[in-house]
Amino acid sequence: MGVLPVPAEVRAILLDIEGTTTPIAFVQETLFPYIKDNVKEYLRAHWEEEECQRDVGLLRKQAQEDSNLDGAVPIPLESGSGEEELERVIQAVVDNVHWQMSLDRKTTALKQLQGHMWRAAYATGHVKGEIFEDVVPAIRKWREAGMKVYIYSSGSVEAQKLLFGYSTEGDILELFDGHFDTKIGPKVESESYRRIAASIGCATNNILFLTDVPREANAAEEADTHVAVVVRPGNAGLTDDEKSYYSLISSFTELFLPSST
């Protein structure tokens with residue numbers, strides 16, 4: 001793969017997380033299993049809290065919208081008739097969360113509950129965000145060269161900040177100028193990258209987007225954003241066409257900034 005020169009007009013680098021800054025295995029083998037294994041215990045412990053009730057309310061609303069889908073799990077309302085009924089409602093929420101996760105859904109309701117659960121897990125030291133070792137030194141160099149650095153992930157902004165705030169490299173949130181999640185739009189739609197550029201205050205061709213997902217790279221490219229596809233251990237393989245079409249890097253150190261001459 002070697003060295004990839006960054007186009008001179010690039011002013012900001014936009015980073016995906018899973019498979020780009022962070023091993024896919026961390027998300028698949030640590031973060032998601034933590035939710036599945038602990039959601040019932042978390043709900044029991046926090047049920048009376050306002051935040052938890054808001055999360056359950058959102059999940060219930062989503063369940064109503066999903067009622068026509070195969071295997072959808074409804075979440076009944078509480079009528080306040082004792083422990084047994086409360087357990088039944090909690091179990092319905094657990095089953096709904098497991099069902100959504102089995103389909104790899106990215107609903108706001110699911111992401112919000114996951115974000116709150118991960119917050120508790122990071123704060124208590126049960127989980128630390130894993131970062132590839134080339135990431136932090138490279139970002140520091142980019143920032144020294146005057147680059148702005150942003151995150152764009154399907155995980156909520158809160159979940160992103162937890163991962164980088166409680167990481168294996170310590171609290172590295174200071175390295176980022178801002179965070180975007182799917183509230184700005186799906187990562188596979190070109191309009192999302194136009195919205196990000198407008199939010200940052202630059203043109204789309206002033207941004208270089210690093211991702212491991214060709215569909216995301218394609219959407220960004222359609223918006224006239226520069227892209228490079230990141231090849232990391234554990235990432236999905238690329239087709240021969242994708243390998244020949246996209247600029248590829250296997251480490252952030254392979255990016256060469258004009259200003260670093």
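This note comments on the sheet and on one helix of a predicted model.

1. Basis. Residues are numbered from 1 along each chain as its sequence is written. In this predicted model, local features need pLDDT of at least 70, side-chain atom pairs count only at pLDDT 80 or more, totals for chains, interfaces and linings use all residues, and side-chain values use heavy atoms, with hydrogens and water left out.

2. Sheet order. Six strands form an open sheet in the order β4-β3-β2-β5-β6-β7, with parallel pairing. Strands (E, at least two residues) and helices (H or I, at least four) are DSSP runs numbered from the N terminus; two strands pair if DSSP finds at least two bridges between them.

3. Strand β3 (residues 148-152) runs parallel to β4, joined by three bridges. Y152 lies opposite F180 in β4.

4. Around β6. Four of the five residues of β6 (residues 226-230) are buried, that is, under 20% relative accessible area with a 1.4 Å probe, protein chains only. Four parallel bridges link β5 (residues 207-211) to β6, with L208 opposite H226. Between β6 and β7 there are two bridges, also in the parallel sense, and V230 has I249 as its bridge partner in β7.

5. Helix α3. The 20 residues of α3 (residues 83-102) should span 28 Å at 1.5 Å a residue, and the end C-alpha atoms agree, being 28 Å apart. The expected span is 1.5 Å times one less than the number of residues. Buried residues of α3 include L86, V93 and W99. Just after α3, D104 adopts a positive phi of about 55 degrees.

Note on methods:
Buried < 20%, exposed > 50% of the residue type's maximum accessible area, 1.4 Å probe, protein only.
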